[in-house]
Amino acid sequence: MREFFRSRVFKALVAIAIILFAFMLRATVTVGVSTVVEGVVGTITAPFQSLISGLSGSVTGFLDQFFRAHEIYEENKQLKDENRQLIEQMVDYENYKNENESLKKQLKIQEENPEWETMTASVIGRDPSDQFYSFTIDKGKLDGVSYQDPVITSDGLVGIVSEVGTVFSKVTTILDVRLNVACQDVRTQDVATISGDIALAQNGQCRMSLIPRESGIARGDIIQTAGTSGLYPQGIVIGRIGEVSFEPEGTMMYAVVEPTNDIKNTKDVVVITSFKGQGSSLSGFESSVAEHTPAPPQKKSEQDAE
């Protein structure tokens with residue numbers, strides 16, 4: 001022990017203690033005892049104060065959320081109501097916009113053909129298995145639609161009403177092989193018939209047949225309805241000729257017609273419910289190429305059923 005008190009280490013510790021005591025004495029004289037004590041105490045308690053402050057803030061935040069829960073609920077409910085109203089307004093806007101566009105097209109058609117009675121309709125369904133792109137519209141018997149009413153757009157002929165329900169109807173398009181339309185080349189005035197073709201329908205095209213061999217029909221000619229059967233008014237544009245060729249036997253020609261309507265993607269149409277000459281037909285050659293659609297199924301009588 002005596003060796004430790006005589007050692008250099010002990011002497012160094014004593015020297016450090018004397019120096020620290022001198023600094024503390026100087027600080028005490030300069031700023032006062034309380035300030036020094038406060039500084040020492042503050043250094044020791046600072047970490048605990050930070051911890052307590054953090055816990056206090058968390059508890060305060062939790063209590064705020066707890067007491068404001070009802071207020072937050074009401075705010076969320078109000079925001080949801082406002083969001084629903086905005087969605088409804090957007091839906092109404094789109095509906096009004098589409099309805100306005102349809103009415104404009106109908107008005108244009110009506111102005112160009114004042115003798116027609118027409119109504120607008122929207123496509124509400126398509127049969128994905130139908131390779132000829134038939135569709136269902138939102139108008140039926142209650143709206144005045146009848147079997148075999150022509151269906152058009154401002155671009156031209158789309159097809160014909162083939163089935164009529166109370167509030168809806170089915171439309172068979174000009175791409176369908178069951179539908180024949182008497183047509184006329186606007187430039188040459190040659191009369192022929194347009195019908196669907198399974199292969200061409202995949203490309204949205206149809207076939208123009210029974211074209212006289214001597215006809216001057218050519219690519220790019222505009223084809224319109226001939227109006228010879230009483231099913232379609234005369235002069236409705238059908239499409240343009242994309243290709244002309246001879247039938248295999250060589251006695252007649254045929255043409256591939258590009259419809260002016262995008263049949264696959266038609267959304268809004270106009271149904272012609274009445275027009276001059278509706279239901280009448282011509283005789284001779286014109287009646288032989290007159291338009292026809294599959295007749296609606298006939299109900300069996302009780303006698304036939306037996």
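Two strands count as paired if DSSP finds at least two bridges between them, and strands themselves are DSSP runs of E of at least two residues, numbered from the N terminus. The structure examined here is a predicted model, in which local features need pLDDT of at least 70 and side-chain atom pairs count only at pLDDT 80 or more, while totals for chains, interfaces and linings use all residues. Residues are numbered from 1 along each chain as its sequence is written, and side-chain values use heavy atoms, leaving out hydrogens and water.

Seven bridges join β10 to the antiparallel strand β11 (residues 252-259), with R240 partnered by E258. The two strands form a hairpin with five residues between them, and G250 in the turn has a positive phi of about 80°. Strand β10 is also joined to β9 (residues 222-225), again antiparallel, by three bridges; here I223 is partnered by G239.

Turning to charged side chains, a search of the whole structure finds four salt bridges, each a side-chain nitrogen of Lys or Arg within 4 Å of a carboxyl oxygen of Asp or Glu. In one of them, R207 and E247 have their closest N and O atoms 2.8 Å apart. R207 lies in strand β8 and E247 in the loop between β10 and β11, so the pair ties together parts that are 40 residues apart in sequence. Both R207 and E247 are buried, where buried means under 20% relative accessible area, exposed over 50%, and partly exposed in between (1.4 Å probe, protein chains only).

Another salt bridge links R187 and D221 at 2.9 Å, N to O. R187 is exposed at 52% relative accessibility, whereas D221 is buried at 8%.

Definitions and conventions
Helix = DSSP H or I, 4+ residues; strand = E, 2+ residues; numbered from the N terminus.
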